[in-house]
Amino acid sequence: MGGLFGVVGTDSCVQTLFYGTDYHSHLGTEHGGMAVFGEKGFYNTIHGISQAQFKSRFVDDYKKMEGLSGIGAIDDESPQPLIFRSKFGLYAVVATGLITNKNKLVGELLNEGASFTEMAGGGVNNAEIVASLINRGDNIVEGIASMRGIIEGSICVLVLTPEGIYAARDKVGRFPLVLGQSKDPQKRSFVVATEASSFENLGYSIMQFLGPGEIVLLSSEGIKQLKPEGTEKKICSFLWIYTGSPSSSYEGISVERTRERCGCYLARRDNVQADFVAGVPDSGVGHAIGYAMESGIPYRRPLVKYTPGYGRSYTPPTQEIRDLVATMKLSAVQEVINGSRMIICDDSIVRGTQLKNLTVKKLWDNGAKEIHVRPACPPLMFPCIYASSTRTTAELACRKAIRALEGKDIDDPSEYLDRSTEKHARMIDWIRRDLNVTSLKYMLIEDMIEAIGLPADQLCLYCWQGA
Ligand code: SF4
């Protein structure tokens with residue numbers, strides 16, 4: 001999905017920008033970049049981060065950068081920030097999310113006389129499309145507002161200008177933006193980020209979560225609202241279940257506490273006898289702790305992560321790299337596993353291949369007696385259409401099960417979504433057998449919504465419901 005970070009103040013911003021952007025590394029694995037504005041004007045630096053972590057790629061760059069304001073991004077789709085010379089003057093842009101009507105928009109803009117650089121591997125950079133659409137407006141704020149009306153999908157934007165940073169959340173708040181201020185009363189410095197997980201360590205506190213569609217200007221004078229929030233909200237539920245950092249919160253709701261509540265709900269609907277509960281590191285851990293707290297079954301670690309800095313196995317673009325990361329990052333603890341009955345909590349089952357071939361296999365190979373898998377969300381039936389997603393419909397575990405049971409792909413999976421049907425039960429049992437586990441019980445959607453704590457109509461549930 002990508003992550004954004006911006007900082008503005010009366011002192012040099014570069015160290016805060018460097019670490020603040022790096023704190024979003026769990027949200028993308030392909031491109032990283034930063035741009036600053038200072039006495040020497042605008043400066044940007046962009047690198048691929050698929051082979052090296054953001055910090056090691058940019059550690060030399062950021063020491064050469066100078067400026068009082070800056071923006072950064074981690075993104076899987078487009079290298080950014082990009083700097084533009086426009087009728088509004090020079091500015092830099094970062095834009096994360098997904099533009100589903102990209103081809104149509106690019107065609108229209110080309111007809112209007114726009115031109116785009118060709119990205120390595122083909123395609124047009126999202127930041128270039130966003131900037132071209134902003135430039136259609138009478139000013140930057142109107143340009144951002146009309147850009148969001150035209151784009152299908154979901155885009156959050158930061159625009160760095162000499163007067164400050166314009167920050168705009170996507171129109172229904174599908175993905176978050178949070179504002180912070182320096183804890184030092186002597187310092188006038190403000191930050192904006194996709195996640196607030198960096199704030200504490202960088203010396204900032206949360207001021208507010210931007211509302212859906214809201215646009216603000218951050219400067220050393222403070223935060224000025226330029227467009228109020230809209231009325232419709234559809235925030236991504238998957239942020240709490242998997243994507244977000246455990247130390248983050250969205251709409252004031254903690255990711256880690258939500259995962260603990262998910263685990264509680266899983267435990268309340270379960271009666272399996274087991275020797276311990278475990279989470280698949282890292283994103284299954286909070287759910288498993290919640291399960292252990294509620295059930296009284298001890299929490300143990302049959303699998304440990306080789307290094308906390310290891311990349312996520314979900315975000316890399318090819319299955320080969322995802323599998324390699326997944327193979328290397330988890331080590332089995334045979335002394336814990338051997339002869340044990342275990343409840344394994346994971347955030348979700350996407351394709352099921354890593355869980356089956358790498359996690360479950362490691363547990364059986366090391367002497368597990370029973371493996372009971374408990375995903376902390378319902379069966380995933382649809383790939384995300386609002387952020388770049390590595391999953392296709394056909395490769396989802398549910399769809400593979402349906403294909404095997406029906407002998408073909410079907411367009412309407414509603415009977416399989418309905419928990420009261422025989423077809424649903426057969427789909428779950430097919431996945432259980434395919435995973436080669438003793439039992440499989442998914443989180444109920446009403447429990448997941450309850451665990452997050454927002455009304456269902458304010459949450460995006462597309463992954464599970466297709467609407
Ligand atoms: S489709 Fe799924 S991953 Fe995408 S925004 Fe909605 S809940 Fe989040």
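**Close-up views of a predicted model**

**View A. The surroundings of E251.** Setting aside neighbours within four places in sequence, E251 is in contact (heavy atoms within 4.5 Å) with R169, F209, K233, I235, W240 and L454. The model is predicted, so local features need pLDDT of at least 70 and side-chain atom pairs count only at pLDDT 80 or more, while totals for chains, interfaces and linings use all residues. Residues are numbered from 1 along each chain as its sequence is written, and side-chain values use heavy atoms, with hydrogens and water left out. You will find E251 in the loop between strand 15 (249–250) and strand 16 (253–254); strands here are DSSP runs of E, at least two residues, and helices are runs of H or I, at least four, numbered from the N terminus. Is E251 buried or exposed? E251 has a relative accessible area of 19% and is therefore buried (under 20% is buried, over 50% exposed, and in between partly exposed, with a 1.4 Å probe and protein chains only). From C-alpha to C-alpha, E251 and G211 are 8.7 Å apart in space, and 40 residues apart in sequence.

**View B. Helix 8 packed with helix 9.** Helix 8 (residues 255–268) and helix 9 (residues 285–295) pack at an angle of about 50°, and their axes are 6 Å apart. Axes are lines fitted to C-alpha atoms over the stretch in contact, and angles run from 0 to 180 degrees between N-to-C directions. The two helices, helix 8 and helix 9, are therefore oblique to each other (under 35 degrees is roughly parallel, over 145 roughly antiparallel, 65 to 115 roughly perpendicular, and the rest oblique). Residues of helix 8, including E256, R259 and E260, meet residues of helix 9, including G286, H287 and I289. By class, this contact of helix 8 with helix 9 has seven nonpolar, five polar and five charged residues (Ala, Val, Leu, Ile, Met, Phe, Trp, Tyr, Cys and Pro count as nonpolar, Asp, Glu, Lys and Arg as charged, and the others, Gly among them, as polar).

**View C. Helix 4 packed with helix 5.** Helix 4 (residues 126–134) packs with helix 5 (residues 140–150) at an angle of about 120°, with axes 7 Å apart. That makes helix 4 oblique to helix 5. V130, L133 and I134 of helix 4 make the contact with I140, G143, I144, S146, M147 and I150 of helix 5. These residues divide into seven nonpolar, two polar and no charged.
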